[in-house]
Amino acid sequence: MNPRTRSLFSVFVFAAALLSQLIAPADAAPAHVLVILPAGATAPIGFADQLAAWRQSGAVSDATLLEQHQKKDPGFETVALLEFPSEAAYEGWGRAEASKLAAPLVVKRADVLTHGEIPRDSNKSIFLVTTYQLLVPPQRYNDFVQGYILPNLLDQKAAHLLLRYTMYLERGPAGEAQAVLVREYRDSVAFGRREAVEEELVKKLRATNPAWTKWDDTQESLRKLGSRTLASYIELPPPQLGDLPHYAPEYKVVGGLRIVGSDLKYAVEQLARGFEKFQPDAKVSTSDIPSTEGGIAGLYYHQSDVAPVGYSQLTDMLGFHEAFGYMPTEISVATGGYEKRGSLWAFAVVVSKDNPLNEISVDDLERVFGAERSGGWEFVNNNCLFTSKYARGRETNIRKWGQLGLKGEFANREIETFGYSAPGFAIYFERNWFHWSKKWNPNFSEYVEDKEATPDAAGAAVTSEHVLELLSKDKYAIGLAALMNVKNYPDLKVLKISPHKGEPAVPMTPGNVANRTYPLIRDAYFYVNKEPGRPLDPRAREFMRFVLSREGQEIIARMGYYYPLDADHLREQLKKLD
């Protein structure tokens, strides 16, 4: 990055960081903006840097930049898809930041009619962006999207072709606003299969679904094709992390370095390649394990030197202790994301908007969701041992809303608890709230996402869609949830969280997640085998020094799923290497 661009980026980051302190916390409904560079036009200097600064500071909750790559009649040169955590956040951005998007950029406010997404695991995906002119009122077109377009999108997603789909509807005068369908295909093979898969679905639906067939027969009266543009995902420039140390090799790595564990959404592979640029004689191998399970086991089976994980189970660490007589060294390498699927998103605590509670402390949350216990686990003397130090009696439980200060009809009502029960969810709370105890409030109701439930009525009863709908209508309930699901339910309220009772409560915003002030963030970890009192394997130490350097953190941030560590937290992690 040249000096002028670096200077511009610094100004952008400062301004965006200031904005992030002013925007409102997460609400149920995000806001969306399309920033379009017309075909043949040249983007203003610093456009991509500005997008990166907004994403890094938390001024926007997500920013995706696409660039066209077709020779004939593209509908745009680039398009940026911006998401804001709330309408208030968008309005704050509009007042303070939107004017920085100079001509020839065109800024369009849009609503999302349908959206689905799974994490991107590489940058080989192909985007297809299609625009349509509406010939009917927006509500009629939305009915068409739900009844006709969505079944096809879901079918292509089920066939493992689509990673993402979003149907935007621009706001604007009747006859001028367009619908914009963005589809992300996994790779060129998936893109090539799309028409065959669609043809099979059309045959099936025309034979079995009269309502869909009616839409199919009348679609030309509802919309007119505008443009169809092939595009690719463009990584935004890395953030300028001037307070983090540059990587300077202290040891020449020659030969193999094995990494087994989670790919952390392709970040591990990119870190390995970045490290090899500084250590050209290193031969870094990475695993194809797309999840955390098995990472630490690779260390104690002598199959790896570094184990990246999104979460760690106590049993994994105890297995390591059985093998070596000491615990593995845990190193935080990134702050989890705001709400993007696959980003180790921060947890939202939600109640119905009819509930007067607006904030709660982590201390009280532990007593609401947990139960009395005889003790907990503690890391001591390079071991993990059970102790009564963390015991608490039944009288310390919080079971009535009156115990949280609510009056009137709420005072004597039982607090009904709900929560997402994927493995990483339970482990996070048992580790951070319960000292690894597994004793939850007996009334705790668990739910999962669609793909994790059985495909019948019994499974549908415990999906996030069903449970969050119930929670939004139950003013006596409280839930632990992912904001990516919560935002679909406007009658839910996201609470502010304080670390301890009596301390200031922190709203859940992208900026507060990025700067680690929101208490319910998560971390991505690397584990290494460092025997107490002895130096870490110099190969693993050099790799970890790279990961915890400015260059390594820039790679993590550039991938768009996680936030880089702040300087203070990063220094604490570096100390663990010596």
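User: What should I know before reading the numbers?

Analyst: The model is predicted: local features need pLDDT of at least 70, side-chain atom pairs count only at pLDDT 80 or more, and totals for chains, interfaces and linings use all residues. Residues are numbered from 1 along each chain as its sequence is written, and side-chain values use heavy atoms, with hydrogens and water left out.

User: What is the order of the strands in the open sheet of 5 strands?

Analyst: Strands of a sheet pair through backbone hydrogen bonds, either parallel or antiparallel. Two strands pair if DSSP finds at least two bridges between them. Strands (E, at least two residues) and helices (H or I, at least four) are DSSP runs, numbered from the N terminus. Here the order is 18-17-19-13-20, with mixed pairing. Strand 18 (445–447) and strand 20 (492–494) are the edge strands, and each pairs on one side only. The twist averages 30 degrees from one strand to the next.

User: How many bridges join strand 13 to strand 20?

Analyst: Strand 13 (residues 347–352) and strand 20 run antiparallel, joined by 3 bridges. Val350 stands opposite Val494 in strand 20.

User: Which strands does helix 11 lie across?

Analyst: Axes are lines fitted to C-alpha atoms, for helices over the stretch in contact, and angles run from 0 to 180 degrees between N-to-C directions. Helix 11 (residues 423–432) lies across strand 13, strand 17 (416–420) and strand 19 (477–482). Helix 11 runs at about 90 degrees to strand 13.

User: Is helix 17 mostly covered or mostly exposed?

Analyst: Buried means under 20% relative accessible area, exposed over 50%, partly exposed in between (1.4 Å probe, protein chains only). Helix 17 (residues 550–558) is mostly covered, with 9 of its 9 residues buried. Contact means heavy atoms within 4.5 Å. The buried residues of helix 17 pack against several elements, including helix 2 (47–57) and strand 8 (223–234). Just after helix 17, Gly560 takes a positive phi of about 90 degrees.

User: How do helix 4 and helix 5 cross?

Analyst: Angles under 35 degrees count as roughly parallel, over 145 as roughly antiparallel, 65 to 115 as roughly perpendicular and the rest as oblique. The axes of helix 4 (residues 138–158) and helix 5 (residues 188–208) come within 10 Å and cross at roughly 125 degrees. The two helices, helix 4 and helix 5, are therefore oblique to each other.
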